[in-house]
Amino acid sequence: MQATATVLVYSDDSNTREQVRLATGRRPAPDVPVVEFVECATPAAVLKELDRGGIDVCVLDGEAVPMGGMGMCRQIKDEVFQCPPVLLLIARPQDAWLATWSRAEAAVTLPVEPVEFASALASLLREKRLQGV
C-alpha cells in the first residue's frame, strides 16, 4: 500500500474545507493510506493542482462560488487526462441526480457527516488502489 494519498479539497469556504479535514482525520479507514490534503479556493487553483499531478481523489463543494463543484467536476472530467475520482459535496439529497450529471463517482450532503464522508472517501481510495492508477 502506498504511504500517503493526496486529496484535493475545493471550496471557497474555509469552514467546509475544515469539515472535510476533520471528518477524514489521518486516514478515513484502516485499510487506506494516510491522507495529505491540497486545499483550493478557486477553480484556477484546482486546474493548476490537477495539471501538476499526484492527486488521488478530488472533493468538490457543490455550493462553491464562483464555480460550483458540479460544474467544476464536469469540466475536469472533460479536460483532465485520467481525472481522479470525485466526491461531490451537495446541499440536498435531491441533488444527487446533478452529481450523476457532473460524472462524480460519489456524493454526500452538507454539512459533512463524518462517518458517511469517511466511508465514501475510503471507498474511492480503495477503488483507485485496485485500478492501480
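I started with strand 4, where five of the five residues are buried, so the strand is largely enclosed by the rest of the structure. A reminder to myself: this is a predicted model.

Next I looked at the two faces of strand 4. I found V86, L88 and I90 on one side and L87 and L89 on the other, and all of them are buried, so both faces are covered.

Which strands flank strand 4? On one side I traced strand 3, which pairs with strand 4 in the parallel sense over four bridges. There, V59 has L87 of strand 4 as its bridge partner. I then checked strand 5, and four bridges join strand 4 (residues 86-90) to this parallel neighbour. One pair I noted is L89 with V108 of strand 5.

I went on to the whole sheet, which is open, has five strands in the order 2-1-3-4-5 and is paired in parallel. Its edges are strand 2 (34-40) and strand 5 (106-109), each of which pairs on one side only. From one strand to the next, I noted an average twist of 20°.

**Entry: helices on the sheet**

I looked up what packs on the sheet. Helix 1 (residues 14-24) does, touching strand 1 (4-10), strand 2, strand 3 (57-61) and strand 4. Its direction makes about 175° with that of strand 2. Helix 5 (residues 114-131) packs on the sheet too, and I found it touching strand 1, strand 2, strand 3, strand 4 and strand 5. For helix 5, the angle with the direction of strand 4 is about 160°.

**Entry: helix 2 and helix 3**

How do helix 2 and helix 3 pack? I found an angle of about 30° between helix 2 (residues 43-52) and helix 3 (residues 69-79), with the axes 11 Å apart. Angles under 35 degrees count as roughly parallel, so I wrote this pair down as roughly parallel. Their crossing is right-handed.

I listed the residues that make the contact: helix 2 brings P43, V46, L47 and L50, and helix 3 brings M72, Q75 and I76. By type, the residues of this contact divide into six nonpolar, one polar and no charged.

In helix 3 I also marked the buried residues, namely G69, M70, M72, C73, Q75, I76 and K77. They pack against strand 1, helix 2, strand 3, strand 4 and helix 4 (96-101).

**Entry: E49**

I stopped at E49, a residue of helix 2. Is E49 buried or exposed? The relative accessibility is 17%, and the cut-off for buried is under 20%, so E49 counts as buried. Leaving aside neighbours within four places in sequence, I found E49 in contact with L8, V38, C40 and I55.

**Entry: A91**

Last, I followed the chain past strand 4 to A91, which sits in the loop between strand 4 and helix 4. Here the relative accessible area is 33%, so I noted A91 as partly exposed. Beyond the neighbours within four places in sequence, A91 is in contact with E63 and L110. A91 and L110 are 19 residues apart along the chain, yet I read 5.3 Å between their C-alpha atoms.

Key:
Residues numbered from 1 in each chain as written. Predicted model: local features only at pLDDT ≥ 70, side-chain atom pairs only at ≥ 80, totals over all residues. Heavy atoms only, no water. Pairing = 2+ DSSP bridges. Axes fitted to C-alpha atoms, helices over the stretch in contact; angles between N-to-C directions. Contact = heavy atoms within 4.5 Å. Parallel < 35°, antiparallel > 145°, perpendicular 65-115°, else oblique. Left-handed = near helix turned anticlockwise from the far one by under 90°. Nonpolar A, V, L, I, M, F, W, Y, C, P; charged D, E, K, R; others polar. Buried < 20%, exposed > 50% of the residue type's maximum accessible area, 1.4 Å probe, protein only.
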